[in-house]
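I opened the model to look up a few points and wrote down what I found. The entries follow in the order I made them.

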Amino acid sequence: KLPNLAIFPITNRGTVIGLLGTGNTLENFQYKPDDLETVKVFVKQLSLAVENDLLKKRAKELELKDELTQLYNEKFTRQRLEEEIKRAIHYQRPCSFILVDVDNFGGVGPQFQGDLLKQVAKELQAALTEADRAARMDRDLFALIVPERNKREATQLAETFRRRMEEVFGKGRGFHGKEITVSAGVSENPIDGSTAEALIQKAKDALMSAKSLGKNRV
């Protein structure tokens with residue numbers, strides 16, 4: 001219901017993604033060309049700002065690594081696991097997936113949590129072969145893609161890592177006064193599923209079972 005109104009499109013690569021309007025209820029009002037040019041300049045700056053923001057978001061989506069731990073991120077992990085499953089099915093070979101969660105992570109002081117995650121990531125990397133891939137899936141949730149290993153072999157790997165964490169951060173050592181352990185869940189293609197989502201869910205179920213049984217177990 002504004003008698004005086006000027007609307008400008010906010011664009012991104014030729015596509016209108018928003019509108020900027022200016023208006024008033026003044027009588028006998030007319031926008032001067034200079035006023036409109038000033039608004040147009042502002043709209044151009046706003047369009048550039050929006051485009052830069054979208055580009056940053058796209059770049060972040062394309063990133064493969066977790067910034068804190070330098071392990072692979074969740075998106076890459078899901079894609080890589082899907083590829084490994086297809087390869088395993090084609091060559092009729094096993095492929096396993098492991099989820100590792102830090103027990104009682106919330107009990108660690110916020111100022112120390114980042115350092116703990118970095119050390120856990122370092123220990124994970126040390127436990128893997130060149131064919132394996134380690135990732136950080138969530139806050140204190142890590143994942144391992146282990147091609148050419150069945151569930152028994154993958155469980156052994158997870159158990160070895162669990163014991164290693166006991167040695168480094170267990171009783172008598174700890175991390176800034178807190179005893180740190182991990183729990184893990186293991187799944188395998190094809191007995192637990194033939195898609196990345198199926199293996200991840202089965203590993204999550206196994207991890208939750210390990211947690212419910214008292215933690216610090218595979």
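**Entry 1: glutamate 84**

Is glutamate 84 buried or exposed? I worked on a predicted model. I found glutamate 84 in helix H2. Its relative accessibility is 9%, and the cut-off for buried is under 20%, so glutamate 84 counts as buried. I then listed what glutamate 84 touches, leaving out residues up to four places away in sequence: Cys95, Ile145 and Pro147. I noted that Ile145 and Pro147 point one way from strand S5, together with Leu141 and Ala143.

**Entry 2: the sheet**

I looked up the strand order next. The sheet is open and has four strands in the order S4-S5-S3-S6, with antiparallel pairing. Its edge strands are S4 (133-136) and S6 (182-189), and each of these pairs on one side only. I took down an average twist of 20° from one strand to the next.

I went through the pairs one by one. S4 and S5 (residues 141-147) run antiparallel and are joined by four bridges. In this pair, arginine 136 has phenylalanine 142 in S5 as its bridge partner. A hairpin of four residues leads from S4 to S5. S3 and S5 pair over seven bridges, again in the antiparallel sense. Here phenylalanine 97 stands opposite isoleucine 145 in S5. S3 and S6 also run antiparallel, with eight bridges between them. Valine 102 has valine 182 in S6 as its bridge partner.

**Entry 3: cover on the strands**

How many residues of S5 are buried? I counted seven of the seven, so S5 is largely enclosed by the rest of the structure. Phe142, Leu144 and Val146 point the other way from Leu141, Ala143, Ile145 and Pro147, and all of them are buried.

I checked S6 as well. Eight of its eight residues are buried, and S6 is mostly covered. On one side I listed Val182, Ala184, Val186 and Glu188, and on the other Ser183, Gly185, Ser187 and Asn189. Both faces of S6 are covered.

**Entry 4: helices across the sheet**

Which strands does helix H3 lie across? Helix H3 (residues 110-126) lies across S3 (95-102), S4 and S5, and runs at about 10° to S5. Helix H4 (residues 151-169) lies across S3, S5 and S6, and I noted an angle of about 165° to S6.

**Entry 5: the largest pocket**

I looked up the largest pocket and took down a volume of about 210 Å³. Its lining has 11 residues, and those nearest its centre are Lys60, Lys65, Asp66, Asn73 and Glu74. Helix H1 (33-62) and helix H2 (74-91) each supply at least two residues of this lining. By class, I got nine charged residues, one polar and one nonpolar.

**Entry 6: glutamate 130**

Where does glutamate 130 lie? I found it in the loop between H3 and S4. Its relative accessible area is 78%, and the cut-off for exposed is over 50%, so glutamate 130 is exposed. I also took the C-alpha to C-alpha distance from glutamate 130 to valine 146: the two are 9.9 Å apart in space and 16 residues apart in sequence.

**Entry 7: backbone points**

The bond from asparagine 189 to proline 190 is cis, with omega near 5°. Proline 190 has its place in the loop between S6 and helix H5 (196-212), while Asn189 is one of the buried residues of S6.

Asparagine 104 is not a glycine, yet its phi is positive, near 55°. I placed asparagine 104 in the loop between S3 and H3. It counts as partly exposed because its relative accessibility is 48%, between the cut-offs of 20% and 50%.

Lysine 215 also has a positive phi, about 70°, although it is not a glycine. I found lysine 215 in the segment after H5. At 28% relative accessibility, lysine 215 counts as partly exposed.

Terms used:
Residues are numbered from 1 along each chain as its sequence is written. This is a predicted model: local features need pLDDT of at least 70, side-chain atom pairs count only at pLDDT 80 or more; totals for chains, interfaces and linings use all residues. Side-chain values use heavy atoms; hydrogens and water are left out. Two strands pair if DSSP finds at least two bridges between them. Axes are lines fitted to C-alpha atoms, for helices over the stretch in contact, and angles run from 0 to 180 degrees between N-to-C directions. Contact means heavy atoms within 4.5 Å. On a 1 Å grid over the protein atoms alone, a cavity is a set of points where a 1.4 Å probe fits but cannot get out, and a pocket is an open set with protein on both sides within 12 Å along at least five of seven lines; lining residues have an atom within 4 Å of a point. Grid points are joined across faces, edges and corners, and a volume is the space filled by probe spheres set on the points. Ala, Val, Leu, Ile, Met, Phe, Trp, Tyr, Cys and Pro count as nonpolar, Asp, Glu, Lys and Arg as charged, and the others, Gly among them, as polar. Buried means under 20% relative accessible area, exposed over 50%, partly exposed in between (1.4 Å probe, protein chains only).
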